[in-house]
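Please look over the sequence and the model, then read the points below.

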Amino acid sequence: MKELDHFIAGKHVKGTSGRFGDVFDPATGEVQAKVAFASRAEVRKAVEAALAVFPEWASVNPQRRARVLFNFKALVEKNMDELAHMLSSEHGKVLADSRGDVQRGLEVIEFACGIPHLQKGEYTEGAGPGIDIYSIRQPLGVCAGITPFNFPAMIPMWMFGVAIACGNCFINKPSEKDPSVPLRLAELMMEAGAPAGVLQVVNGDKEAVDAILEDPDIKAVSFVGSSTIAEYVYSHGTAHGKRVQAMGGAKNHAIIMPDADLDQVTDALIGSAYGSAGERCMALPVAVPVGDKLADALIERLKPRVETLKVGPPTDPDSSYGPMVTAAQKQRVIDYIDMAVKEGAELLVDGRGFKLQGYENGFYLGGTLFDRVTPEMQSYKDEIFGPVLQIVRAHEFDEAAALPSKHQYGNGVAIFTRDGDAAREFASKVNVGMVGINFPIPVPLAYHTFGGWKRSAFGDVNVHGPEGVRFYTKIKTVTARWPKGGVREHPDFNIPTMK
Ligand code: NAD
């Protein structure tokens, strides 16, 4: 059985804790590898390797650091096919979507190549007699990122691209479900010219996460995953003196106005509710049509499309989406479908019994569609994270618009309308972090920042873009005076002021 290890100090290092997790091939249901779970001592080894190289990396000039990232980008592009196959084989998403996962991460690397410009700082000449003030952004030191299974390429790159460009060293603790791509990215970063220890990977579970959160030499932790763990990482990490940004779960709504282009809406919902088997934090699992007539017309279009979704192996270019990541994840979604039925939602398309011929043990789940879901239902309140679309009928715009604002999650939301006023008002007022207007998955580009509100994010600073640079640097302000020769200082017992 293949054994996936750690990448510490520039080398693959076998796990020594004796603890391992199973890595599945979701398409067949077979265990394809074992991944080592790091002990505290193994995490500490990575921290020490990072500490040893940090002074050197921080003092490399910013442009040279950026050149390493340029090289890295070229290497990732060269190895795109290998990375996409590796990603699909552990995650289950279709190949084209895996390429998109890598590509969206690369866009953050492209952004990071320009970070010298954002790290320049500020300068005031002549702030007082002979006095200049300047502010510089310095790296923090050793940073760590704990990443989820659903974007094993993009999310690590969101974090380490920016952290490394700013002069930090970075330790990634990837999801134990699909750790191969993060390991490969660390190899490529070294090939690109980063010194050993600048980017490392420790695999593992809660033990490795706690070791990261409690290590006094790790200065900042980025997390992306479910909200319960995000909240834990935020509170435990900050209690140990760290800067923490922790992105959590989501339940994104699509508000559909009677004037919307229904064909466009249908395409948008099919792609964003069922793409990647619904395992995206920016999926649209809730549709809120305004008015019964619109709801009926929408269902008439959606139902046949959901019934004919092509669920298949990730390597089949005709597959709409592939299997769920694990049997446990599939069962969790089935339990939510059972719950919604019990709660009285109207099941229009039932994906529970779906079996793919030739892949009977794969973790496939058919597309599921519910009508007449209500805000009181638990299956509406919780994140399902599967190929399930819930329709909540609203009678008027205000009722529809209030739903995402009141929901516990506030990651993304979309409105479909031709009415500019309504869209503008909605975007301004809605209590959600990322808004799409006639745009289903509003994941901002790399030079903007990504982050939700409410239980979708803990911490004050978003990921990537200028906020990412702020997160991975600390500001130092220097006040300098070069007195002219012969000028005497007289002791002044009062605070200096600019009179
Ligand atoms: P998860 O919370 O189970 O795992 C995320 C990370 O935390 C993994 O590295 C995992 O090993 C670690 N972890 C798991 N249990 C832990 C514990 N008890 N203590 C400490 N660490 C633990 O999330 P997942 O299933 O990998 O990913 C799916 C979730 O991530 C969904 O909720 C999704 O909405 C969310 N997500 C959010 C965003 C965002 O930007 N807001 C993006 C992608 C995914």
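**Briefing**

S276 has a relative accessible area of 6% and is therefore buried (buried means under 20% relative accessible area, exposed over 50%, and partly exposed in between, with a 1.4 Å probe and protein chains only). This is a predicted model, in which local features need pLDDT of at least 70 and side-chain atom pairs count only at pLDDT 80 or more, while totals for chains, interfaces and linings use all residues. Residues are numbered from 1 along each chain as its sequence is written, and side-chain values use heavy atoms, with hydrogens and water left out. Helices (H or I, at least four residues) and strands (E, at least two) are DSSP runs, numbered from the N terminus.

**Residues with positive phi**

- Most residues other than glycine have a negative phi.
- S276 is not a glycine, yet has a positive phi of about 55 degrees.
- The loop between α10 (262-274) and β14 (286-289) holds S276.
- R372, a residue other than glycine, also has a positive phi, near 55 degrees.
- R372 lies in the loop between β16 (368-371) and α13 (378-381).
- With a relative accessible area of 42%, R372 is partly exposed.

**The sheet β1-β5-β4**

- Three strands make an open sheet in the order β1-β5-β4, and the pairing is mixed (two strands pair if DSSP finds at least two bridges between them).
- At the edges are β1 (2-4) and β4 (20-25), each of which pairs on one side only.
- On average, neighbouring strands of this sheet are turned by 35 degrees against each other, direction ignored. Axes are lines fitted to C-alpha atoms, for helices over the stretch in contact, and angles run from 0 to 180 degrees between N-to-C directions.
- β4 and strand β5 (residues 30-36) run antiparallel and are joined by six bridges.
- In this pairing, V23 stands opposite A33 of β5.
- Helix α3 packs on the sheet and touches β1, β4 and β5; the direction of α3 makes about 105 degrees with that of β4. Contact means heavy atoms within 4.5 Å.

**The sheet β6-β7-β23**

- Another open sheet has three strands in the order β6-β7-β23, with antiparallel pairing.
- Its edge strands, β6 (122-128) and β23 (473-481), each pair on one side only.
- Neighbouring strands here are turned against each other by 20 degrees on average, direction ignored.
- Nine bridges link strand β7 (residues 131-139) with β23 in the antiparallel sense.
- Q138 stands opposite K474 of β23.

**Helix α3 against helix α4**

- Helix α3 (residues 80-91) and helix α4 (residues 95-113) have axes that come within 8 Å and cross at roughly 115 degrees.
- α3 is therefore roughly perpendicular to α4. Angles of 65 to 115 degrees count as roughly perpendicular, under 35 as roughly parallel, over 145 as roughly antiparallel and the rest as oblique.
- On the α3 side the contact includes M80, D81, L83 and A84, and on the α4 side it includes L95, S98 and R99.
- The residues of this contact divide into six nonpolar, four polar and three charged. Ala, Val, Leu, Ile, Met, Phe, Trp, Tyr, Cys and Pro count as nonpolar, Asp, Glu, Lys and Arg as charged, and the others, Gly among them, as polar.

**Helix α2 against helix α6**

- Helix α2 (residues 62-78) packs with helix α6 (residues 154-165) at an angle of about 150 degrees, and their axes are 9 Å apart.
- α2 and α6 are therefore roughly antiparallel to each other.
- From α2, R65, L69 and F72 meet M157, F160, G161, I164 and A165 of α6.
- This contact of α2 with α6 has six nonpolar, one polar and one charged residues.

**Two further residues**

- D292 belongs to helix α11 (residues 292-307) and is partly exposed, with a relative accessible area of 36%.
- D292 and A394 are 102 residues apart in sequence, while their C-alpha atoms are 7.7 Å apart in space.
- Apart from neighbours within four places in sequence, D292 is in contact with R393 and H395.
- N462 sits in the loop between β22 (457-458) and α16 (465-471) and counts as buried at 18% relative accessibility.
- Residues up to four places away in sequence not counted, N462 touches Q245, M247, T449, F450, G451, E467 and G468.
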